[in-house]
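Okay, thanks for coming, everyone. Let me put the model up, and then I'll walk you through the overall fold and a handful of residues.

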Amino acid sequence: MVDLATDRWTWTAESYEAAAAAGIFGSEPRLELLDGEVYHAAAMRPPRALTVGKLLDRFSSGLDRDRWIVRSQLPVRLDDRSEPEPDLWIARGPADRYWERHPAPADLALVVEVADTSLAFDRHRKTPRYAEAGVPEAWLVSLPERTVQHYAEPRPDGYQSLTTIDVEGVVNVLGVEIAVADILPPQ
């Protein structure tokens, strides 16, 4: 008899990618690998989708495209057991450097998670993994709380700096300033 509480499969990033390429996961919507476990990504409801789109537009128009690339919902490789798909990320360019690999923590300037139903998972599982991997900055845009949590100074035990910016504040990375009110849905 199999004890489903203790017997489980864990994946490396390479085995996960090979399984996806072989069609093992079928036509599942977005999946993510985190600490060797495969998770369904949260559904993209309209407020979250529009917030991600607004951030993508703002960063795409505000950054030097030769130096930085901005992508949405594409994998980053944190280590050999984690390949999450942040809602948005900014990595060193040019884009052609990523033909053979996904961006790694050393390539990244920022990862952003926009959360509504996934708030607890993003805050307590994904954000600490970004810190542990050494991603320099992470933002958690909380739609229910109407805030942006700005994480910086990564260490293996988590980010050492956390600043919560409310709807009246401004966030800034790589010289691009964004008013929090401009990316959140109306109250």
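So, one term before we start: the radius of gyration here is taken over C-alpha atoms, and the globule rule is 2.2 Å times the number of residues to the power 0.38. With 187 residues, a compact globule would have a radius of gyration near 16 Å, and this chain has 17 Å, which agrees. Along its principal axes, the C-alpha trace spans about 55 × 35 × 35 Å.

Now the housekeeping. This is a predicted model, where local features need pLDDT of at least 70 and side-chain atom pairs count only at pLDDT 80 or more, while totals for chains, interfaces and linings use all residues. Residues are numbered from 1 along each chain as its sequence is written, and side-chain values use heavy atoms, with hydrogens and water left out.

What is the chain built from? You'll find four helices and ten strands; helices are DSSP runs of H or I with at least four residues, strands are runs of E with at least two, and both are numbered from the N terminus. Starting at the N terminus, the order is α-β-β-α-β-β-β-α-β-β-β-β-β-α.

How much of it is buried? Of the 187 residues, 43% count as buried, where buried means under 20% relative accessible area, exposed means over 50%, and partly exposed is in between, with a 1.4 Å probe and protein chains only. The accessible surface comes to about 10,000 Å², and 52% of that belongs to carbon and sulfur atoms. Those areas are from the Shrake-Rupley method with a 1.4 Å probe, and for residues only the protein chains shown count as cover. Then contacts, meaning heavy atoms within 4.5 Å: among those with a separation of 6 or more, 53% are between residues 24 or more positions apart.

On to charges. Lys and Arg count as positive, Asp and Glu as negative, and His and the chain ends are not counted. Each charge is placed at NZ of Lys, CZ of Arg, CG of Asp or CD of Glu. There are 20 positive and 31 negative charges, and their mean positions are 3 Å apart.

Let's zoom in on one of the acidic residues, Glu83. It sits in the loop between β3 (68-71) and β4 (88-92). Buried or exposed? Glu83 counts as buried, because its relative accessibility is 3%. And which side chain does the side chain of Glu83 make a polar contact with? That's Arg77, at 2.8 Å. A polar contact here is a pair of N or O atoms within 3.5 Å; within protein, one must be able to donate a hydrogen and the other to accept it, and residues adjacent in sequence count only if both atoms are side-chain atoms. Leaving out residues up to four places away in sequence, Glu83 touches a set including Tyr16, Glu32, Arg77 and His102.

Stay in that loop between β3 and β4 for Pro86. Pro86 has a relative accessible area of 0%, so it's buried. Its contacts, again beyond four places in sequence, include Glu32, Gln73, Val111 and Tyr130.

Gln73, one of those partners, is in the loop between β3 and β4 as well. Now some backbone geometry. Most residues other than glycine have a negative phi, and most peptide bonds are trans. Gln73 has a positive phi of about 55° although it is not a glycine. Its relative accessible area of 22% makes it partly exposed. Asp35 also has a positive phi, near 55°, and you'll find Asp35 in the loop between β1 (31-34) and β2 (37-40). At 24% relative accessibility, Asp35 is partly exposed. As for the peptide bonds, a cis one joins Gly93 and Pro94, with omega about 0°. Pro94 is in the loop between β4 and β5 (108-115).

Last stop, helix α2, residues 46-62, which has Pro46 in it. Pro46 is exposed, with 65% relative accessibility. Outside the four places either side in sequence, Pro47 touches Leu143 and Pro185.
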